[in-house]
Amino acid sequence: MSDASYNSNLYENEASFGDYFALLKPRVMSLVVFTALVGLLAAPVSVHPVVGFSAILFIAVGGGASGALNMWWDADIDRIMLRTKNRPIPAGKVRPEEALAIGLTLAGFSVVMLALATNLLAGAMLAFTIFYYVVVYSMWLKRSTPQNIVIGGAAGAFPPVIGWIAATGSMSFEPWLMFAIVLMWTPPHFWALALFMRSDYDDAGIPMLTVTHGRRVTRVHIVVYTILLAVLAIGAAFSSFGGPLYLAVAVVLNAMFIWGGIKIWRRDEDMSEADNFAVERKFFRLSLWYLFAHFSAILVEVGLHSYGLGGWA
Amino acid sequence: MSLKPTHELHHRRFGRNLGVALVLAALIAVIFGLTVVKVTSNGFQFSNAEEQG
């Protein structure tokens, strides 16, 4: 091989701006932005728009930093799984050391900037979230327990709490209710994915519930979590951010979600394979709408509150 | 493979540089905006220590 051809290969794989952006897991970041925004706007204090925008931006950057550090740590298993093999590090676009440097820099930057823009507690909470996702979930528990998704779900559930604290500077019950909704929503969402991305987690040696306890047990877990989640999500209608509109949305969506869970529970592998996991895929898509609709309903209720409408009063 | 100035790689590098420039410009705008809001807000204090003292 000549030097010229070697260099050609090297340059072909040189990263674009989009590859570096992909390190930040933009799709996860969009969930972080949305739920943090709802947490911030649902708080019973007014926030200057510039401060609010900055807070959401720095929370998003913190989420992106977590994504980059997760990709750095998980590069070995990302190479194996179909779902992740095109990520920037396994695709050879970004070197692991670059991802580590970007992740650490953005993590430090986002925490300091959020603390300066809002308050120390919000900065500390963001720092804890990054630590939790990267160290507790990615490095420690993801590869050692079948409850990895349940525990990892907490990391994705922190943004509304951070948003609320950024606005108020203090802890309160309501954002933890939002936290609980995201926490309980995450397992059925990912277990449905694990059912139809069949061999991915197995090949990578990740102890997903589908691998350690079997697919039958996973189906049971999905339906149990949808019921527990429904109690929580519908109960939240009677909190300070709830109201009739939120209740209507929660009742309809939770009924659909439980029904989806029951349909998954009643199926066996032969039935699923016959239609290429159509029910599981539909449930997964519904789960995305589920979370979006609940947090949108909270946002609308909060908006109505400011005009003297909404809520139960 | 020759690396002429018009090679796709140059476009990619330009895109990357432009992206970084835009991110930095946006960062300056955000920090400037935040500074203006903080300094002009009614509760502006130099530090928490002074606030408590």
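**Salt bridges in close-up**

**View 1. Arg143(A) and Asp76(A) are joined by a salt bridge.** In this predicted model, the closest N and O atoms of Arg143(A) and Asp76(A) lie 2.9 Å apart. The pair links distant parts of the chain, its two residues being 67 residues apart. Arg143(A) sits in the loop between helix H7 (120-141) and helix H8 (148-157) of chain A, while Asp76(A) belongs to helix H5 (residues 75-78) of chain A. Arg143(A) is partly exposed, its relative accessible area being 33%. Asp76(A) is likewise partly exposed, with a relative accessibility of 39%.

**View 2. Arg95(A) forms salt bridges with Glu97(A) and Glu98(A).** The N to O distance between the side chains of Arg95(A) and Glu97(A) is 2.9 Å. For Arg95(A) and Glu98(A), the closest N and O atoms are 4.0 Å apart. Glu97(A) has a relative accessible area of 45% and is partly exposed. Glu98(A), at 21% relative accessibility, also counts as partly exposed; the class of buried residues ends under 20%.

**View 3. A network of salt bridges links six named residues of chain A.** Side chains of opposite charge can pair when their charged atoms come close.

**View 4. The whole model, with its salt bridges shown.** Over all chains, the structure holds 15 salt bridges. Among them are the pair Arg143(A) and Asp76(A) and the pair Arg95(A) and Glu97(A).

How values were computed
Residues are numbered from 1 along each chain as its sequence is written. Chains are lettered from A and ligands numbered from 1 in the order in which they are written. This is a predicted model: local features need pLDDT of at least 70, side-chain atom pairs count only at pLDDT 80 or more; totals for chains, interfaces and linings use all residues. Side-chain values use heavy atoms; hydrogens and water are left out. Helices (H or I, at least four residues) and strands (E, at least two) are DSSP runs, numbered from the N terminus. Buried means under 20% relative accessible area, exposed over 50%, partly exposed in between (1.4 Å probe, protein chains only).
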